[in-house]
Amino acid sequence: MTVQRLTRLLATVLIVPLLSTTAEGLPAPVEPAPATTYTNPVTAGVVDTFPDPTMIRGGDGDWYAYGTTNPVFHSRGESGERILPVLRSTDMVGWTYAGDVFTAGDRPSWWPPGTRPFAPDIRYVAGSYHLTYGLSGGGVALATAPSPTGPWTDRGLIVTLADGCPTNPRGTIDQAMLTGADGVHYLYWGSYDAMCVAAMNAEATRLEGPVTIVARGRRAEAAFPVRRGDFYYLFYSDGGCCQGAFSGYTVKVGRSDDPRGPFVTQDGQSLTDYSSKGGIVAAANGGGFVGPGHNSIQTDLAGQDWLVYHAIPAADPDFPPVETADGVKPALSKRPMLVDRLDWIDGWPVLRGGAGPSSRPQRAPVTEATVGSTFNGSALPRGWKADGDPAARWTSAEAPASGGVLAQTGSPAEPSVFLAPRRIGGDIRTEARLKLADAGTGGAVGLVVSDRGPRGTIAARLDRADHALSVSVTRDGVTTTSSAALPATFDHRSWHVLAVEVRGSSLTAEVSEDRSRDVQAAVSVPLPDRELRPGRVGVLSTGAPAVADNLSAVPLHRPATTRVDDPQPGAPLPAHSDDFSGNGRPEDLDPAWSWVRGDEATATAAGGKLTWPTGGTELFLGTNTAPVLLRDAPAGDFIVETKLSFDGTRPAQQAGLVLYDGDDRYFKLTHSVLPVTAGDGAVFRQTEFAKEGERPTTTPPTPVFYGPMFGGPPATQTWLRLAYHANPATGAHDVRAASSTDGVHWTWAGTWSMPRRGPLKIGLVSLNAPGATAEFDYVRTFRTSTGG
């Protein structure tokens, strides 16, 4: 098929009269439907919990979510757990229960006793749905199915405990797949404290090639890779998933130009460094949810990405004792599914522009086509028109797991199109599932992005003869075509999603395997007009039988371009600050300070520094032997900051700031040295932001609990900030942490909350294993000029 022949055909497609026109006599653009809303958690009233969620759009046009084995119907009186439960939705926010991947009666016989399958990941690969999952004792397994709800075929282990990632063997879990631009499938996995990647075979059923460490982190796990633009992004979570109201889970990210890494944060830090990382995507914000993490990503029809994740409701964080496959769990956390808008700002992802998890009504994802069809049903959609070679035969056909498809069963020598009756223009996104239906060597199937008859046409197609993704733009009888080669492994007879976005006068087409947007080829071209004129969308076929499904065109999303403001220091508060200008004698310390267990302290203030060795003391749960240096905090919201030099090298050594209400009620931000879980002798340097207090719903009661989250990297000199907010809506102390390695650029972590009982005090600590020395240059307190 030549470009000229395609041009002649598309230029002669009939124009369907429209009911409304612009002043120029052109068809008026289709207006988007009124926005709908949703409120997190989106699984409320459906299941009690849905940890580690992953999501995919099925061939039938519905969305399917999969979660970790958990007691999802505990509130209905059901004992035990559902094994990898499945939910179904038509709009990504209203869900119904759709079954389980395995039941107690069909669980694989090779599973070790007591196995609880963890953290599923779902992809459409090589013509079937691939669901990988981790085993609670370690290892990654695979099940495949022809539809999102099964029936599932057990494919056994694909990653064993001996497959080369140097981590705790029980950490061989939390896997996720990605298809690279080269068409190679990759599997990422790991937990506590390393994550790895390896290539897979063409069928994505086993590992092939070397195993590469791509990230390290204290309590780091839940790798989720995606490709956006020229980069691969590796999302992961650290800080602890499952400690109820004390869960410090935080979503972070690094990026690379290669799926094997190296991945770096926005500040250039390698994800394999033995330290805490910046690159924070989502963290607790004091809005009612804690521990947001273990994410996947789903894209709506408008091209907006959504973070799919779990979080713990702070007001109702825990189950009572629950019977599981490996015994009775006395305090299993509730982790329902949340979805929130994922923004890409300056090339980096962040949840809701940095606002964090939502707990109030939000604008819902776009899940209904303005123009298009799922082709479900027994007949072709009304008003659609075919044109071109009469050898083409367009019909509605049944297809497994698709609910109906559009089929072109001929092999027309000339191209043929099947067009929707309505027009759409401006900034739009159009997409469809496409494939060729025979084993030939030629033929093409594609999208008609805009057909305006003699005024011009735009089409994108998957061309088997050229083994390329091509975009053709025709205006006034002149056609320009741009192409990109498809990977050698690309199978034209397997479903792929072709998506085209038009913004202003720019068009980008991309093809991926399952709407994951792990792009295997992309083409970008300029358009002749400042914006896309209204035209008809449809499907293009030539040279071979072809099949199409789930065609949609909707107004393109408008991306967020700025982040929300972080807290900033305002007016200084000298009465609550100190530059430590004493002469080295204990009596020279500013009298506004007071000691808890001062007889244990060895701190001295002189020459603008407070020097304080660690002394083998502790401030943790029932062990409260550490000295704490305290002074009054101001009334109202404030930021307290210190500059800390710290030379710790042994596990548990730490020093930093506290906001203190007692030995068992405090917030702490320290430069901490923590061990690697695998016990290989290495240590992590962490900016550790923790709280200790009462865990309200634990059974049997645990009077005090401790939970950390981790911020950006520390250094020999680290600046630390705590931003305090008295939350009038919740009656809580809300405290947010930040750190810096230069005193200028700050990494803001999440927010811990605690019920208010009285005022907090500003404090310093230097504690735990002896042998390190902390030097505090100052403590400075400011009014908060911008709310966090």
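Start by selecting Cys 165 and Cys 196: a disulfide (a pair of cysteine sulfur atoms within 2.5 Å) joins them, S to S 1.9 Å. The torsion about their S-S bond is about 80°, so this disulfide is right-handed. Cys 165 lies in the loop between E9 and strand E10 (176-179), while Cys 196 is in strand E12 (residues 194-200), so the pair ties together parts 31 residues apart in sequence. Strands here are DSSP runs (E, at least two residues), numbered from the N terminus. Cys 196 is buried at 1% relative accessibility; buried means under 20% relative accessible area, exposed over 50%, partly exposed in between (1.4 Å probe, protein chains only).

A quick note: this is a predicted model, where local features need pLDDT of at least 70, side-chain atom pairs count only at pLDDT 80 or more, and totals for chains, interfaces and linings use all residues. Residues are numbered from 1 along each chain as its sequence is written, and side-chain values use heavy atoms, leaving out hydrogens and water.

Next, pick Cys 241 and Cys 242, joined by a disulfide with S to S 1.8 Å. With -85° about the S-S bond, that link is left-handed.

Now for some rings: select Tyr 66 and Trp 152. Their centres are 6.3 Å apart and their planes at 85°, so the pair is edge-to-face (rings of Phe, Tyr and Trp, using its six-membered ring, pair if centres lie within 6.5 Å; planes under 30 degrees apart are stacked, over 60 edge-to-face, the rest tilted). Both residues are buried.

Finally, select Phe 231, Tyr 233, Phe 235, Trp 344 and Trp 348, which form one aromatic cluster.

Note on methods
Helices (H or I, at least four residues) and strands (E, at least two) are DSSP runs, numbered from the N terminus.
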